[in-house]
Amino acid sequence: MKRTQTVMAAMLLAAAAGLPWAQAADISQGVQTLDLSSGSAVLKHEFSAGNAGNTFHDRYDFTASTGQSLGAFVSSLNLADLNLGGASFDSFEIYNSAGFSLDGTKQSAPDAAVEVWAVSTPHLIADSYYLLVNGTVRNGAAGNYVGAVAVSPVPEPSSAAMLLGGVGVLGWLARRRKA
């Protein structure tokens, strides 16, 4: 009898572990491709009501040219008292095609009305990259997170040398006129 009770209890626990309410659902959206030809793009994920505690791992693919700098952020409202849906971020990272990553950092205080994470790098090489946003939906209300990524060219050393040379020529011309 005791063995039967032990077996029944083990079966009940095993069954409970597999029930949907026992685990958070993964509500990740499919891989998104960002078009950075204009220099920037928007990241977003909208959550329908009823997703409290569910997790997401959203990937945003893009390519970059040599010499570009990158800045990106994601943000979400943190207004639980108004029952506004939002996300709590676990990480925000950029990866290159070889799998090397750069971790983003949380930019907001723990009790801030908006949670913000950012990542930046001053000099990319020509490669395929992706941003990975990981987090959890805060409550059962509908909500979202939004963000942006921007790239800009980094001036080449020859451009800086030409600029300094031009300033030098202007200085020489101004001095010559005074004489």
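## The nonpolar core

A nonpolar core is a set of buried Ala, Val, Leu, Ile, Met, Phe, Trp, Tyr and Cys residues joined through side-chain atoms within 4.5 Å. Buried means under 20% relative accessible area, exposed over 50%, and partly exposed in between, with a 1.4 Å probe and protein chains only. In this predicted model, local features need pLDDT of at least 70, side-chain atom pairs count only at pLDDT 80 or more, and totals for chains, interfaces and linings use all residues. Residues are numbered from 1 along each chain as its sequence is written, and side-chain values use heavy atoms, with hydrogens and water left out.

The largest nonpolar core has 27 residues. Those with the most contacts inside this core are Phe56, Phe92, Leu131, Tyr145 and Val149. At least two core residues come from each of E2, E3, E4, strand E5 (87–96), E8, strand E9 (127–137) and E10. Strands (E, at least two residues) and helices (H or I, at least four) are DSSP runs, numbered from the N terminus. In soluble globular proteins, nonpolar side chains tend to be buried together.

Val149 is in contact (heavy atoms within 4.5 Å) with residues including Leu34, Leu36, Leu43, Leu70 and Leu131, leaving aside its neighbours within four places in sequence.

## The open sheet

Five strands form an open sheet in the order E1-E3-E9-E5-E6, with mixed pairing. Its edge strands are E1 (32–33) and E6 (101–103), each of which pairs on one side only. Two strands pair if DSSP finds at least two bridges between them. Strands of a sheet pair through backbone hydrogen bonds, either parallel or antiparallel.

E1 pairs with strand E3 (residues 55–64) in the parallel sense, over two bridges. Gln32 has Tyr60 in E3 as its bridge partner.

## Strands E4 and E10

Strand E4 (residues 68–77) is mostly covered, with seven of its 10 residues buried. E4 has antiparallel pairings with two strands. Eight bridges join E4 to strand E10 (residues 143–153); in E10, Val151 is the bridge partner of Leu70 and Val146 that of Ser75. Eight bridges also join E4 to strand E8 (residues 114–121), where Glu115 is the partner of Ser76.

E10 also pairs with E2, in the antiparallel sense and over eight bridges. Here Val42 stands opposite Ala148 in E10.

## His45

His45 is placed in strand E2. His45 counts as buried because its relative accessibility is 6%. The side chains of His45 and Asp58 are joined by a polar contact of 2.5 Å. A polar contact is a pair of N or O atoms within 3.5 Å; within protein, one must be able to donate a hydrogen and the other to accept it, and residues adjacent in sequence count only if both atoms are side-chain atoms.

Leaving aside neighbours within four places in sequence, the residues in contact with His45 include Ile27, Phe56, Asp58, Tyr60 and Tyr145.

## Ala49

Ala49 lies in the loop between strand E2 (40–47) and E3. With a relative accessible area of 55%, Ala49 is exposed.

Leaving aside neighbours within four places in sequence, Ala49 is in contact with Gly140, Ala141 and Ala142. Ala49 and Gly85 are 36 residues apart in sequence, and their C-alpha atoms are 7.9 Å apart in space.
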